[in-house]
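Q: Hi, I'm new to this one. Could you walk me through it?
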Amino acid sequence: MASTARILIVDDEPHLRTMLAATLERQNYQTVQAAGIHETFQLLDRQHFDLVLTDMVMREGNGITLLERLRIDHPQTPVVIVTALQDINIAITAMRKGAYDYLLKPFERDELLKAVRGALQHHQSLRESETYQQNLEQIVHARTDLLHQAMDDLERSYDITLEALGDALDLKDSETEGHSKRVTAYTIALARAMGVPSDQVKVIARGAFLHDIGKMAIPDAILRKPGKLTLAEQILMREHCERGYNILRKIPFLSEAAEIVYTHQEHYDGSGYPRGLSGADIPIGSRIFAIADTLDAITSDRPYRGAKSFDVARLEILRCSGTQFDPAAVEVFLKIPNELWVELRTEITAQLPQFSSLEPPQVVAQAR
C-alpha cells in the first residue's frame, strides 16, 4: 500500500501542504494538493484517493463540510483531520462525521505517519472485506442456482414417477383411461382462473392427478364390476380416499397433495365422504377438483351411458352449487367458456402417449 497509496492533502496554507507532501513522499506515498473545498470536490470527482488529509478550518469551507460530502460520495475513503484547534468538541464532531483520526498542530512526523498508516490499513481492510463479501455472494448465488437446478430436476423426476403411477391406475381401471390427466388439466385451469398461487397450483395438480391412487388397493373384481355394487362393496370402494392418503402422506414431497386425495369426495354441504367435511373445512384444491372431476365424468363415455355435452355438465354443476360444490368455485367455472374445456380434452386425448407433466397444454392460459 505504501508504494501505491494516493493521498489528497487539503489545506489553504501552501507551506503546510508542501511540508506534508514532502514528508509523505519520502515514504513513497503519492500526493496531490488542494487549496480549498471547491478544488477538493473537483479532484474527488475525477480521481481516486486512498486517503484524505485535511485541515479543519480554512477560508473556503471547513473539514466538517468535506467529511459530510465524503460520507455520501466516497464512504470508504478514510479522512485524517489536521488542525490547530484544541477543542475536544470539534474532535468528537469530526469522528462522528466519519474521520478516522484527528491530529493537533504542531505534531511530530511520527505521529503523522502513524495516523496515515493506520488510516490506509483501515481502508485496505474495508476493501478486502468488500471483495470477500462480493466473492462470498457470488459463491452463494452459484450454489443456490445449483441447488435450485437440482431441486427442479428432482421435482421433474418425481412428476415423471407420478405419471407412471397414474398410467398404472388407468390401466387397472380401463373404464377411465386418460381420466387422471384430463381432470388434472381441468383442475389446473380452474385453479388459475380462481387466482390460486402458482406454487399451490402444483400441489393441487399432484393431488388431482393421484386422487384415485387408493384404488390400487381395491380388488379388481370390485373396481371392474360392470353392474351396481353391493352395500359392502360400496363401503370398501369408499375406502380408496383414506387408502390413497395413507400411501402418500408418508412421502414429504406429496404430504400436501395427500390431503386432496383424502378429501376429494367430500361435498360442500357435508354429505360427502370419508369424514363428512363441509365448507371451508374442505381444502380449496379438493373443492376445485370436485368440479373438474364431475366435468370429466359427465363428458366421458361410461359402460352404462354415453358421454354428454359440456353444456349438460355445466347445468349439472350449477344445479349442485352449494350442495356438492363450492358456490364461489362454481361461479368462476361458469365464466370459463366451454371451448376451453373442449380444447383441453382434445389436446390431452391427442397427447396421451407422451403427456409427461402436470401442466396442461398452453390453452390453459386462456383461463387465467
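A: Happy to! Let's start with Leu295: beyond its neighbours within four places in sequence, Leu295 is in contact with Tyr186, Phe310, Ala313, Ile317, Phe333 and Trp341. Keep in mind that this is a predicted model.

Q: Which residues touch the most other members of the largest nonpolar core?
A: Those are Ile291, Leu295 and Trp341, in a core of 33 residues.

Q: And which helices each supply at least two residues of this core?
A: The helices are α6 (179-193), α7 (198-209), α12 (284-298), α13 (310-319), α14 (327-335) and α15 (338-351). Apart from this core lies another one of 21 residues, including Phe41, Phe49, Leu66 and Ala94.

Q: Switching to Asp296, where is its place?
A: Asp296 sits in helix α12.

Q: Is Asp296 buried or exposed?
A: Asp296 counts as buried, because its relative accessibility is 0%, and the cut-off for buried is under 20%.

Q: What does Asp296 touch, not counting residues up to four places away in sequence?
A: Asp296 touches His179, Arg182, Tyr186 and Arg345. Its side chain makes a polar contact of 2.6 Å with that of Arg182, and another polar contact, of 3.0 Å, joins the side chains of Asp296 and Arg345.

Q: New topic: how many cavities of 30 Å³ or more are there?
A: The count is two. The second largest cavity has a volume of about 40 Å³.

Q: What lines the second largest cavity?
A: Its lining includes Thr263, His264, Tyr268 and Gln324. Helix α12 gives the largest share of that lining, three residues. By type, the lining residues are three nonpolar, five polar and two charged.

Notes. Residues numbered from 1 in each chain as written. Predicted model: local features only at pLDDT ≥ 70, side-chain atom pairs only at ≥ 80, totals over all residues. Heavy atoms only, no water. Core = buried A, V, L, I, M, F, W, Y, C linked by side-chain atoms within 4.5 Å. Buried < 20%, exposed > 50% of the residue type's maximum accessible area, 1.4 Å probe, protein only. Helix = DSSP H or I, 4+ residues; strand = E, 2+ residues; numbered from the N terminus. Contact = heavy atoms within 4.5 Å. 1 Å grid on protein atoms, 1.4 Å probe; cavity = no way out; pocket = protein on both sides within 12 Å on 5 of 7 lines; lining within 4 Å. Points joined across faces, edges and corners; volume = space filled by probe spheres on them. Nonpolar A, V, L, I, M, F, W, Y, C, P; charged D, E, K, R; others polar. Polar contact = N/O pair within 3.5 Å; in protein donor to acceptor, adjacent residues only side chain to side chain.
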